[in-house]
Amino acid sequence: FVFWCKTKMMKMRGLRVANEMLATTRGPAGLGGVSNKPKLVRKTKIVATIGPATSSKENFKQLADTGVNVARLNMSHGDHDSHGAVVDLVKDYNEENNTGIALMLDTKGPEVRSGDLVEPLSLSPGEKFTFTITQKGLKSRKNTCTVNYDDFVNDVHVGDLLLVDGGMMSFEVLKISKKDVECKVVDGGVLKSRRHLNVRGKSASLPSITDKDWKDLEFGVRAGVDYYALSFVKDEHVVHELRAWLQEKKADIKILVKIESADSITNLDAILEAADGAMVARGDLGAELPVEEVPMLQQRIVQTCRRLGKPVIVATNMLESMIDYPTPTRAEVSDISIAVREGTDAVMLSGESAYGQFPYKSVQVMATVSETTEKALERTSGISRHGSYASDPITWINEPNSAMGLRMSEVLAYHATTMANTIKSPVVVFTRHGNMPKLISHYRPKNLIYCFCNDIKLQRELNLYNGICPLYLKFSDDKEDTFKRALALLKQQGYVAEGQDVTIVQSGTRPIWRATGCHTIQVVKVE
């Protein structure tokens with residue numbers, strides 16, 4: 001009897017979990033189905049790389065319906081025509097569904113790669129192997145491969161560890177000559193053509209933005225993307241260089257720095273101060289630095305971005321097994337949950353959604369794990385209101401008594417969060433420039449931030465931020481009329497229910513309807 005009861009309870013629990021997964025994936029952007037109660041909206045955002053598996057109109061629609069917030073264009077693959085077609089798909093979907101899926105262009109960056117081989121080479125530990133920068137006599141040389149980077153011989157030193165594809169194979173440097181780097185195989189395997197090479201603990205002395213990258217960035221301006229994810233950023237100067245270039249182009253594109261090299265960790269604080277946000281690119285980060293340091297570096301990057309009030313994405317290998325299999329490993333599920341508990345704004349899919357066998361299930365799993373973790377954080381006692389389970393408490397971006405002085409918008413965001421948490425209501429904010437919803441997102445209110453904006457590009461930009469549900473609404477000159485239409489839209493789409501309180505915030509450096517200097521927090525009951 002006891003066995004029967006336990007079995008019955010497990011079946012009921014499994015059915016409930018299945019129903020929750022279904023609920024989170026109905027409707028546009030995975031925001032749940034309409035019911036008498038306000039529907040739950042996931043706060044942690046999902047970035048999905050669009051590739052051959054998801055670039056058709058039908059496949060992209062299914063992926064977007066499942067819960068994607070940001071579409072990533074990986075410029076390491078494809079051409080401008082194929083990426084332009086994805087941009088059109090995203091914009092068409094947004095217009096039809098008022099979802100505001102953002103567009104992120106991810107640059108290829110400088111890469112050191114091995115050259116072409118006639119056939120793959122099987123190498124065993126202890127064998128000698130040579131990387132060379134010359135083609136001369138290559139055909140007659142055994143266990144030798146070219147490298148696409150002439151300064152390779154100057155960047156490495158005797159005793160360095162060379163990693164192939166992030167550690168799938170490794171070589172110890174024994175001797176360096178004018179053209180060759182002679183090595184001993186440490187971890188063997190099969191070496192194929194054009195493999196990615198890293199030197200443990202070092203970054204290649206290549207410019208962060210290559211000639212190809214500049215062409216891709218130019219394409220991003222023409223296409224109207226919302227974010228650049230800039231690869232292999234070594235210091236803050238490259239961020240300033242790109243921002244000056246964008247100003248010349250009169251392009252409003254936010255710069256996310258990819259933290260993935262040894263140099264980027266050395267200059268981390270200055271880089272994050274200069275950028276608009278960051279991505280924890282754990283693949284190359286774990287190749288250039290000891291892999292056991294990556295979890296602590298991830299937490300440091302996330303917390304620094306949180307403290308600065310800038311969005312952060314945790315990326316790479318989050319659901320790698322789902323490229324080939326329909327269910328994730330338990331370690332992958334824990335990985336997503338840890339990122340959510342650390343306070344990330346978004347988690348990212350790469351090959352899982354670009355060319356994997358189960359792109360939609362991958363998004364479903366990521367959405368369900370994120371939402372389940374968020375619910376658990378709300379239930380657990382003793383968690384700081386501003387931080388998350390694994391994070392330091394988050395208070396002010398700029399302390400009221402600091403050298404920056406008192407910033408009324410930030411004071412309002414702080415206390416609007418306090419009020420909304422106290423009365424257990426969502427926050428509704430109207431914005432033309434996005435400053436106030438970003439500030440409120442920094443304080444991580446327990447409920448959602450419904451952000452109304454009359455600029456479609458701003459709607460897309462805000463979709464990366466934790467907890468913000470951006471909606472397009474044409475503002476009228478009548479404040480009360482705009483409020484009424486906004487609440488009616490929220491009620492119609494199931495975000496709020498009749499009789500529910502909502503906290504409406506009006507502030508920012510540029511007023512919409514209010515007189516300059518008038519900042520208000522207003523509690524309204526939905527009719």
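A disulfide is a pair of cysteine sulfur atoms within 2.5 Å, and this structure holds 0 of them. This is a predicted model, where local features need pLDDT of at least 70 and side-chain atom pairs count only at pLDDT 80 or more, while totals for chains, interfaces and linings use all residues. Residues are numbered from 1 along each chain as its sequence is written, and side-chain values use heavy atoms, with hydrogens and water left out.

**Cysteines**

- C469 is in no disulfide, and the nearest cysteine sulfur, that of C451, is 9.2 Å away.
- C469 has 6% relative accessibility, so C469 counts as buried (under 20% relative accessible area, with a 1.4 Å probe and protein chains only).
- C305 is buried too, with a relative accessible area of 1%.

**Cavities**

- The structure holds 5 cavities of 30 Å³ or more.
- A cavity here is a set of points, on a 1 Å grid over the protein atoms alone, where a 1.4 Å probe fits but cannot get out.
- The largest cavity has about 230 Å³ of space, a volume being the space filled by probe spheres set on the points, which are joined across faces, edges and corners.

**Lining of the largest cavity**

- Of its 17 lining residues, V112, L197, S203, A204 and E288 are the closest to the centre; lining residues have an atom within 4 Å of a point.
- Helix α4 (152-155) and strand β11 (197-199) each supply at least two lining residues, and β11 gives the most, with 3. Helices (H or I, at least four residues) and strands (E, at least two) are DSSP runs, numbered from the N terminus.
- By class, the lining has 8 nonpolar, 4 polar and 5 charged residues (Ala, Val, Leu, Ile, Met, Phe, Trp, Tyr, Cys and Pro count as nonpolar, Asp, Glu, Lys and Arg as charged, and the others, Gly among them, as polar).

Terms used:
On a 1 Å grid over the protein atoms alone, a cavity is a set of points where a 1.4 Å probe fits but cannot get out, and a pocket is an open set with protein on both sides within 12 Å along at least five of seven lines; lining residues have an atom within 4 Å of a point. Buried means under 20% relative accessible area, exposed over 50%, partly exposed in between (1.4 Å probe, protein chains only).
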